[in-house]
Amino acid sequence: MSSTDARVVVVGAGAAGLSAAHHLVQNGFSNVIVLEATDRIGGRIHTVEFGDGIIELGANWIHGTGKDNSMYTLAKEKGLIMEPYVFLDRIEGDWCTEDGSIIPKPLIVKAWDIFCNIEDTLSTFVHKTDIQISQSEFMESSLETALNEFKPEDQDLVKAAFHCMINYLGFHEGDYLEKVSLNLNGLFENISGGNVKIPPGFCEILRTITAEIKDVPVEFKKVVKSIDYCNSSGKVNICCNSNAADEKYVADHVILTCSLGYMKAHLNDLFTPTLSVEKKESVNRMGFGKVNKIFLFFDKPFWSKGDGGIKLAWKQKLDSFDSDQWYRSIFAFDEVLNNPDVLVAWIHGDAAAYIETLSDSFVLETCKDILQKFTKKNNICPTGIKRSFWCSNPFTLGSYSYYAVHSQSADIKNIAEPLYNDGKPVVCFAGEATEERYFSTTHGARSSGIREAERVIDYYIK
């Protein structure tokens, strides 16, 4: 069989799936189809209109501007980002405490530099100890020591700023730091150049891909229920449940790009025969984060536009999740690029999952109360709200992957290992959670799709 005859079914129309399909077509494969469970492309990239512009319910920026960043190189090639780039600046904005005090900027600048230096040391940890340690233990101990670099009269404010920064790191990692491994943190590779915003919206990057594979069918609302990959025909049988009717597809290769959350939930019913014990254990050991966003629209913005928004620096740290105080997991209310009347709140951990059970009106009123408390302004009145629901979304069941405290360094490699039938890679695994160096990122997702497309291509070259 030639590559032009090989039937490839790509499951998922996110960054990984579309990149895989595109790479196959670019290399002569003409029998490719994409099955997507939802009614749109993008996966965890989801750009929508809100207020007077667009917002990103999912991925927000490109991490790094190096040539190793496959998402950056694509966006640059297509003219979606142009120098001078719009960079993310986490320090901008007013850092306020719950009593309405604004922490002086010189203290914030010094505290942020110290925090970033401590955060940078996380990347040096790769099996430095056999003891399983969380990032929380290391960061809290290091920041407590760092307080000694400040005058005694400033330490309470600096500690509040550090609490805010811990919340920032939590949503950046994807979960409470108590759950995130310290020992394996260095396996992630940062790409230099800063975090770049995409003015026309992240989904525009994916649309440049779909524009070049117009002959590839993308079938929506196709929920893959089972993948039979080991039978005498040498083919893969895929069963979908679409509009209550079973549909079957037959392929020579499947490239599966579902989220790690979906994989965890369907480990025992998705594959026939069942996966190896080793692969299952790796899937279960890896962490899958919980991050959401709350967008608020204001008819009358109360903040100085262009200053960055409001950072929430709680003087008292919350030691564990409390559903009555879910808002304590909010890092900040940040400004949104090219959407001047909107602020976005980032929330992570169990709180991110919990707020999906609350009404829009309750969340809006709570955010209003918090902003009034932290700014001492009683005229704050958001008039619109838009939220993400990644944790209860049945096809994501969370946000992005991380090495959990009990994870092992080989787990991502094990998850990414294909399933073979008589030497043929019949089921290939892509998605950010399969990328050893760049897990949790969009460039990791894109690169993984290209990697698995190459695996299929190489099978016909040998």
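Two strands pair if DSSP finds at least two bridges between them. The views described below show a predicted model.

**View 1. The hairpin of strands 3 and 4.** Strand 3 (residues 47-50) pairs with strand 4 (residues 53-56) in the antiparallel sense, over 4 bridges. Within this pairing, Phe50 lies opposite Gly53 of strand 4. The two strands form a hairpin with 2 residues between them, and Gly51 in the turn adopts a positive phi of about 65°.

**View 2. The largest nonpolar core.** This core comprises 46 residues, and Phe115 and Phe162 have the most contacts inside it. Two or more residues are contributed by each of several elements, including strand 3, helix 3 (105-121), helix 4 (135-146), strand 15 (291-298) and strand 18 (339-348). Helix 5 (155-173) is also among these elements and supplies the largest share, 11 residues.

**View 3. The surroundings of Phe162.** When neighbours within four places in sequence are set aside, Phe162 is in contact with Ala111, Ile114, Leu143, Ala146, Leu147 and Phe150.

View 4. A separate core of 41 residues includes Ala20, Phe29, Phe202 and Leu206.

View 5. A search of the whole structure finds 0 disulfides. For Cys203, which is in no disulfide, the nearest cysteine sulfur belongs to Cys391, 19 Å away. Cys203 counts as buried because its relative accessibility is 6%, below the cut-off of 20%. Cys258 is likewise in no disulfide; its nearest cysteine sulfur, that of Cys240, is 13 Å away.

Definitions and conventions
Residues numbered from 1 in each chain as written. Predicted model: local features only at pLDDT ≥ 70, side-chain atom pairs only at ≥ 80, totals over all residues. Heavy atoms only, no water. Disulfide = S-S within 2.5 Å. Buried < 20%, exposed > 50% of the residue type's maximum accessible area, 1.4 Å probe, protein only. Core = buried A, V, L, I, M, F, W, Y, C linked by side-chain atoms within 4.5 Å. Contact = heavy atoms within 4.5 Å.
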